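Subject: Structure handover

Hello,

Please read the notes with the model open.

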Amino acid sequence: PHWATDRAAPINARVEKVAHGPFFRQIWPHRAICPIDNWFEWVDEGGPKKQPYLIKHRNGSPILCASIGQLPGHDRSEHEGFVIITADSEGGMVDTHDRRPVVLAPDLARVWLDPATPKERAEQMALHQGESANSFKWFRISTAVGNVRNQGPELIQPL
């Protein structure tokens with residue numbers, strides 16, 4: 001994206017800075033949802049390799065990650081992209097990583113996407129209304145998941 005020309009393209013943005021920090025301020029009004037099934041975190045547990053964990057909704061529903069970006073529109077551009085907004089894992093999941101995606105419940109995701117939603121309201125949603133760690137479960141999975149040559153559903157079965 002155009003805003004990341006002087007450094008590596010980011011994949012996430014800290015919720016504490018995303019609305020007002022100089023790096024993302026220009027694209028803050030361009031909200032999106034990135035739906036995912038789950039995500040991975042690798043934890044150093046003192047072994048020869050970091051231990052991967054799979055994190056997903058307890059109820060198995062899709063995870064709706066609050067995102068912003070320069071998104072496809074009327075003017076097609078090579079400078080398109082998005083970032084997922086992340087929050088501190090304090091209060092849960094900190095044992096796997098210190099950050100996690102800001103996940104919105106479906107009703108809030110609709111409000112997030114509504115162009116009529118004021119930027120200030122969107123900021124408060126991202127800061128205070130993301131789903132809590134209690135909405136998720138996480139468990140160890142095979143270290144084989146870290147190699148792109150390995151494929152198959154057995155890679156994400158709980159150990």
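Three strands form an open sheet in the order β3-β4-β8, with antiparallel pairing. Strands here are DSSP runs of E of at least two residues, numbered from the N terminus, and two strands pair if DSSP finds at least two bridges between them. The edge strands, β3 and β8, each pair on one side only. From one strand to the next, the twist averages 25 degrees; axes are lines fitted to C-alpha atoms, and angles run from 0 to 180 degrees between N-to-C directions. The antiparallel strands β3 and β4 are joined by 5 bridges, and Val43 stands opposite Gln51 in β4.

This is a predicted model, in which local features need pLDDT of at least 70 and side-chain atom pairs count only at pLDDT 80 or more, while totals for chains, interfaces and linings use all residues. Residues are numbered from 1 along each chain as its sequence is written, and side-chain values use heavy atoms, with hydrogens and water left out.

Next, the salt bridges. The whole structure has 2 of them, each defined as a side-chain nitrogen of Lys or Arg within 4 Å of a carboxyl oxygen of Asp or Glu.

In one, Glu45 pairs with Arg140, and the closest N and O atoms are 2.4 Å apart. This pair links distant parts of the chain, 95 residues apart: Glu45 is in the loop between β3 (39-43) and β4 (51-57), and Arg140 is in strand β8 (residues 136-140). Glu45 is partly exposed at 38% relative accessible area, and Arg140 is partly exposed at 39% (buried is under 20%, exposed over 50%, partly exposed in between, with a 1.4 Å probe and protein chains only).

Glu16 forms a salt bridge with Arg99, with 3.0 Å between the closest N and O atoms. Glu16 lies in the loop between β1 (12-14) and β2 (31-36), and Arg99 in strand β7 (residues 99-101), 83 residues apart.

Last, the largest pocket. A pocket is an open set of points on a 1 Å grid over the protein atoms alone, where a 1.4 Å probe fits, with protein on both sides within 12 Å along at least five of seven lines; lining residues have an atom within 4 Å of a point. The lining has 12 residues, and Ile11, Asn12, Ile84, Thr86 and Pro101 lie nearest the centre. β7 gives the most to this lining, with 3 residues.

Regards

Terms used
Helix = DSSP H or I, 4+ residues; strand = E, 2+ residues; numbered from the N terminus.
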